[in-house]
Amino acid sequence: NKEEKNNQNTEVDADKEVIAGRNAILEAIKSGREINKILFQEGIEKGRRDGIRNMIELCQDLGTTEDNAKSQIIMRFRIPEEEAVKYIKTFWKSEK
């Protein structure tokens, strides 16, 4: 039944280690540890997108350039340049 399926998805074997938190998971991956499964919190992508949008707006309010804002996004959100450029194109408000 549906309730049993939900319980199966959230149960962890007693002999398996659970790592929680973005930074802890990233460190485990970087160290070469074997990862069996990663579970993501719902809404995390929206939260990141909102954070990037807010940073772009703040950069504009402070009078920085698009290139500086792009560099800040790449550094702070650890995303590829191509992705940062897409966010800049989406959220940067051109002056009228």
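Reply: The largest nonpolar core has 12 residues in all. They are Ile 52, Met 55, Ile 56, Cys 59, Ala 69, Ile 73, Ile 79, Ala 84, Tyr 87, Ile 88, Phe 91 and Trp 92. Helix H3 (44-61), H4 and H5 each supply at least two residues of this core. In soluble globular proteins, nonpolar side chains tend to be buried together.

Keep in mind that this is a predicted model. The chain holds five helices and zero strands. From the N terminus on, its elements read α-α-α-α-α. Of the 96 residues in the protein chain, 15% are buried. Take the contacts between residues at least 6 apart in sequence: 46% of them join residues at least 24 apart.

Now the helix pairs around the core. Two packed helices are described by the angle between their axes and the distance between the axes.

Start with H3 and H5. Their axes lie 10 Å apart, and the packing angle is about 65 degrees. H3 is therefore roughly perpendicular to H5. The crossing of H3 past H5 is right-handed. On the H3 side, the contact uses Glu 45, Arg 48, Arg 49, Ile 52, Arg 53, Ile 56 and Gln 60. On the H5 side, it uses Glu 83, Tyr 87, Ile 88, Thr 90 and Phe 91. Ile 52, Ile 56, Tyr 87, Ile 88 and Phe 91 are among the core residues too.

Leaving aside residues up to four places away in sequence, Phe 91 touches Arg 49, Arg 53, Ile 56 and Gln 60.

Next, H3 and H4. Their axes come within 10 Å and cross at roughly 145 degrees. H3 passes H4 in a right-handed crossing. H3 brings Arg 48, Gly 51, Ile 52, Met 55, Ile 56 and Cys 59 to this contact. H4 brings Ala 69, Gln 72, Ile 73, Arg 76 and Phe 77.

The remaining pair to look at is H4 and H5. These two pack at about 125 degrees, with axes 9 Å apart. They are therefore oblique to each other. Their crossing is right-handed. H4 contributes Glu 66, Ala 69, Lys 70, Ile 73 and Ile 74 to the contact. H5 contributes Glu 81, Ala 84, Val 85 and Ile 88.

Lys 70 lies in helix H4. Is Lys 70 buried or exposed? Its relative accessibility is 16%, so Lys 70 counts as buried; the cut-off for buried is under 20%. Leaving aside residues up to four places away in sequence, Lys 70 touches Glu 81, Ala 84, Val 85 and Ile 88.

Which salt bridges does Lys 70 form? Side chains of opposite charge can pair when their charged atoms come close. With Glu 81, the closest N and O atoms of the salt bridge are 2.8 Å apart. This pair links distant parts of the chain: Lys 70 is in helix H4 and Glu 81 is in helix H5 (residues 81-91), 11 residues apart. Glu 81 is partly exposed, at 43% relative accessible area. Lys 70 also meets Asp 67 in a salt bridge, at 4.0 Å, N to O. Both residues of that pair lie in helix H4 (residues 66-77), three residues apart, about one turn of the helix. Asp 67 is exposed, with a relative accessible area of 53%.

Lys 30 and Glu 27 meet through their side chains in a salt bridge of 3.9 Å, N to O. Both lie in helix H2 (residues 22-30), three residues apart, about one turn of the helix. Lys 30 counts as exposed, at 60% relative accessibility. The whole structure has nine salt bridges.

Definitions and conventions:
Residues are numbered from 1 along each chain as its sequence is written. This is a predicted model: local features need pLDDT of at least 70, side-chain atom pairs count only at pLDDT 80 or more; totals for chains, interfaces and linings use all residues. Side-chain values use heavy atoms; hydrogens and water are left out. Helices (H or I, at least four residues) and strands (E, at least two) are DSSP runs, numbered from the N terminus. Buried means under 20% relative accessible area, exposed over 50%, partly exposed in between (1.4 Å probe, protein chains only). Contact means heavy atoms within 4.5 Å. A nonpolar core is a set of buried Ala, Val, Leu, Ile, Met, Phe, Trp, Tyr and Cys residues joined through side-chain atoms within 4.5 Å. Axes are lines fitted to C-alpha atoms, for helices over the stretch in contact, and angles run from 0 to 180 degrees between N-to-C directions. Angles under 35 degrees count as roughly parallel, over 145 as roughly antiparallel, 65 to 115 as roughly perpendicular and the rest as oblique. A crossing is left-handed if the near helix is turned anticlockwise from the far one by less than a right angle, and right-handed if clockwise.
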